[in-house]
Amino acid sequence: DKGYAIYAIGDSQINGKQTVTGDQAVDGNQSIGNLGFNAYLSSDLTIDDTKQVVTYDTVDADDAGEYDSSTGEFSPVRDGDFLIVVQTEWEVGVSEGDEFFTSLTKNGSDIAFQSNTYSGSRGDTQRITYVARGLTTDDTITVEVSSITSNGSSSLSGGQQLTFFQASKIA
């Protein structure tokens with residue numbers, strides 16, 4: 001049997017599959033796996049009829065610290081391609097004809113967009129799935145929402161499976 005050994009002085013990072021037979025000791029920082037995050041709204045968020053960045057307050061995965069819940073910004077720590085998924089669940093209780101907009105922005109410019117007009121169904125869900133190619137550590141991705149409503153405001157439903165923002169490095 002042939003074996004392989006990896007020895008590093010300082011930080012070590014492994015992306016992909018790692019199999020260890022026997023003892024493994026780590027002294028210092030070690031990062032294993034893909035980069036990315038998952039964040040969601042834990043409670044309803046009121047949206048007035050102006051465009052605003054959504055700040056997802058609950059982050060349940062973000063080992064590399066790429067998502068800032070105070071600003072709503074995702075900034076990759078390594079260059080590459082990312083799969084980004086955004087879902088917004090607009091609250092019930094709006095009026096027929098109200099309009100809702102969700103956009104994914106890169107450095108302040110829309111890169112993906114979805115709009116719905118409320119037609120009396122139980123809430124409106126919008127989902128954007130986008131492959132962001134060639135992101136760099138200088139890029140910032142945000143989710144922005146707005147609405148045009150008869151009463152001047154609406155709200156996003158809070159909940160892990162209702163309104164969320166996630167990204168995973170794919171290449």
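Which residues of the largest nonpolar core touch the most other members? The core has 25 residues, and the ones touching the most other members are Y56, F74, I84, V86, L104 and F165. The elements giving two or more residues to this core are β3, β9, β10, β12 (124–135), β13 (141–148) and β15. The most comes from β9, with four residues. By nonpolar core I mean a set of buried Ala, Val, Leu, Ile, Met, Phe, Trp, Tyr and Cys residues joined through side-chain atoms within 4.5 Å. Buried is under 20% relative accessible area, exposed is over 50%, and partly exposed lies in between, with a 1.4 Å probe and protein chains only.

Before going on, the ground rules. This is a predicted model, where local features need pLDDT of at least 70 and side-chain atom pairs count only at pLDDT 80 or more, while totals for chains, interfaces and linings use all residues. Residues are numbered from 1 along each chain as its sequence is written, and side-chain values use heavy atoms, with hydrogens and water left out.

Now the chain overall. It has zero helices and 15 strands; these are DSSP runs numbered from the N terminus, helices being H or I of at least four residues and strands E of at least two. Of the 171 residues, 37% are buried. A contact means heavy atoms within 4.5 Å. Among contacts between residues at least 6 apart in sequence, 69% join residues at least 24 apart.

Next, strand β15 (residues 164–169) and its partners. Two strands pair if DSSP finds at least two bridges between them. Strand β3 (residues 36–40) pairs with β15 in the antiparallel sense over five bridges. Strand β9 (residues 80–90) also runs antiparallel to β15, joined by six bridges. A167 in β15 stands opposite F37, and A167 also stands opposite I84.

Leaving aside neighbours within four places in sequence, its contacts include I84, V86, I128, Y130, I141, V143 and F165.

Is S155 buried or exposed? S155 counts as buried because its relative accessibility is 16%. S155 is in strand β14 (residues 153–156) and, not counting residues up to four places away in sequence, touches L45, T46, I47, E89, W90 and E91.

N107 is in the loop between β10 (99–106) and β11 (109–117). Its phi is near 55°, a positive value in a residue other than glycine. With a relative accessible area of 45%, N107 is partly exposed.
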